[in-house]
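Subject: Structure for your review

Dear colleague,

Please find below the sequence and structure that I would like to hand over to you. My findings follow directly after them.

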Amino acid sequence: MSQEIQSSELLLPTSNITLNYQEAGNGDHTVILIHGLGSNTKAYQKNIPALSQKARVVALDLPGFGNTTLGDFVPGIDNYAKVVSEFITLKKYSHVTLVGHSMGGQIALQLAASQQPEWLKNMVLLAPAGLEQFTQEDKNWFQAVVNDQLYLNLTDAQIQQNFDINFYGAKVPDDAQFMVNDRFKIKEDTEKYKTYVSTVVQSIHAMLAEPVYDKIVDIKVPIQVIYGKNDMLIPNKILHPQLSLDDLLEKLRADYPKIKTTLLDKAGHFVLWDQSDAVNTCIIETLEDK
């Protein structure tokens, strides 16, 4: 039986952010769920019920997403990592498993590598950003192409298409269509949408400007990496058309043999939604590892 999910917020004085979060379950072990770019705590609604039967589960809305306002926060991978770390420290959680999806995976890696907190016990990264490496030429392309105006000019049909390619079969499942509708809702408020788009664009550039791959060597806890076999976003199809997901994981295993890698069938970039049961099982097995 799943545990009741409670929504709360906590003032982080150092980051000057009031962070919104959802919490369910209890126990000595805590699972922290970090969402990806343009997402929020709702991304984990297929995971929280199952995980909360085994541990305390806490899903965070990063600054500028969900119900956490941006304020004076400057989007950046290390800045996001510091927010997550401050939250965990203030809550006095111990025996923490960090779970990060997409950009959230890169944030988790940055946190673990740069801070090496005593409370961190292991990590599960879901279709993480940060493992695919980009050249300066690649970064220049992003700088030239990815800007606020690009996103502000997207039609509703293009927004829908951008969501579609996150999922298996290149179509948003009916039970995930709320994600698209939530985006449309933000778009109705011009000023709010401008702030949101700026946050997304700054976050994209931060993922490129703050690489984490070479820092993985500094992480001392077990790491599991899970991708969907049908991920259409990683590797980047425009900049690295010859690079396959198998290539990416082969290099990762060669560079970091201790990392456990898993590829799930019939799953796209939103592997936590497409194969939620399998992902939940992987996380629960991690919790039970001694």
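H95 is partly exposed, since its relative accessible area is 37%; the classes used here are buried for under 20% relative accessible area, exposed for over 50%, and partly exposed in between, with a 1.4 Å probe and protein chains only. H95 sits in the loop between α2 and β5 (96-101). Although H95 is not a glycine, its phi is positive, at about 50°. Helices (H or I, at least four residues) and strands (E, at least two) are DSSP runs, numbered from the N terminus.

A word on the basis of these values is in order. The model is a predicted one, in which local features need pLDDT of at least 70 and side-chain atom pairs count only at pLDDT 80 or more, while totals for chains, interfaces and linings use all residues. Residues are numbered from 1 along each chain as its sequence is written, and side-chain values use heavy atoms, with hydrogens and water left out.

S102 also has a positive phi, of about 55°, although S102 is not a glycine. Its place is the loop between β5 and α3. S102 is buried, with a relative accessible area of 12%.

The chain as a whole

The protein chain contains 11 helices and eight strands. Along the principal axes, its C-alpha atoms fill a box of roughly 50 × 45 × 35 Å. The radius of gyration of the protein chain is 18 Å, which agrees with the value near 19 Å that a compact globule of 290 residues would have; this radius is taken over C-alpha atoms, and the globule rule is 2.2 Å times the number of residues to the power 0.38.

Of the 290 residues, 54% count as buried. The accessible surface of the protein chain comes to about 13500 Å², and carbon and sulfur atoms hold 48% of it; such areas come from the Shrake-Rupley method with a 1.4 Å probe, and for residues only the protein chains shown count as cover. Among the contacts in the protein chain with a separation of 6 or more, 76% are between residues 24 or more positions apart. Contact means heavy atoms within 4.5 Å.

Two helix pairs

Two packed helices are described by the angle between their axes and the distance between the axes. Axes are lines fitted to C-alpha atoms, for helices over the stretch in contact, and angles run from 0 to 180 degrees between N-to-C directions.

How do helix α2 and helix α3 pack? Helix α2 (residues 77-91) and helix α3 (residues 103-115) meet at an angle of about 75°, and their axes are 8 Å apart. The angle therefore makes α2 roughly perpendicular to α3; angles under 35 degrees count as roughly parallel, over 145 as roughly antiparallel, 65 to 115 as roughly perpendicular and the rest as oblique. On the α2 side the contact is made by I77, D78, Y80, A81, K82, V84 and S85, and on the α3 side by M103, Q106, I107, Q110, L111, S114 and Q115. These residues divide into seven nonpolar, five polar and two charged. Here Ala, Val, Leu, Ile, Met, Phe, Trp, Tyr, Cys and Pro count as nonpolar, Asp, Glu, Lys and Arg as charged, and the others, Gly among them, as polar.

D78 of helix α2 touches Q110, S114 and E210, leaving aside neighbours within four places in sequence.

For helix α7 (residues 177-187) and helix α8 (residues 190-209), the axes come within 7 Å and cross at roughly 120°. α7 and α8 are therefore oblique to each other. R183, I186 and K187 of α7 make the contact with T190, K192, Y193 and Y196 of α8. Three of the contact residues are nonpolar, one is polar and three are charged.

Further individual residues

The loop between β7 and α9 holds P235, and the peptide bond from I234 to P235 is cis, with omega near -5°. H240 lies in the loop between β7 (223-228) and α9 (245-255). H240 is buried, at 14% relative accessible area. Beyond its neighbours within four places in sequence, H240 is in contact with E132, Q133, F134 and D138.

S276 belongs to helix α11 (residues 276-288) and counts as buried at 11% relative accessibility. Not counting residues up to four places away in sequence, S276 touches K46, N47 and V271. S276 and Q45 are 231 residues apart in sequence, and 9.5 Å apart in space, C-alpha to C-alpha.

With kind regards
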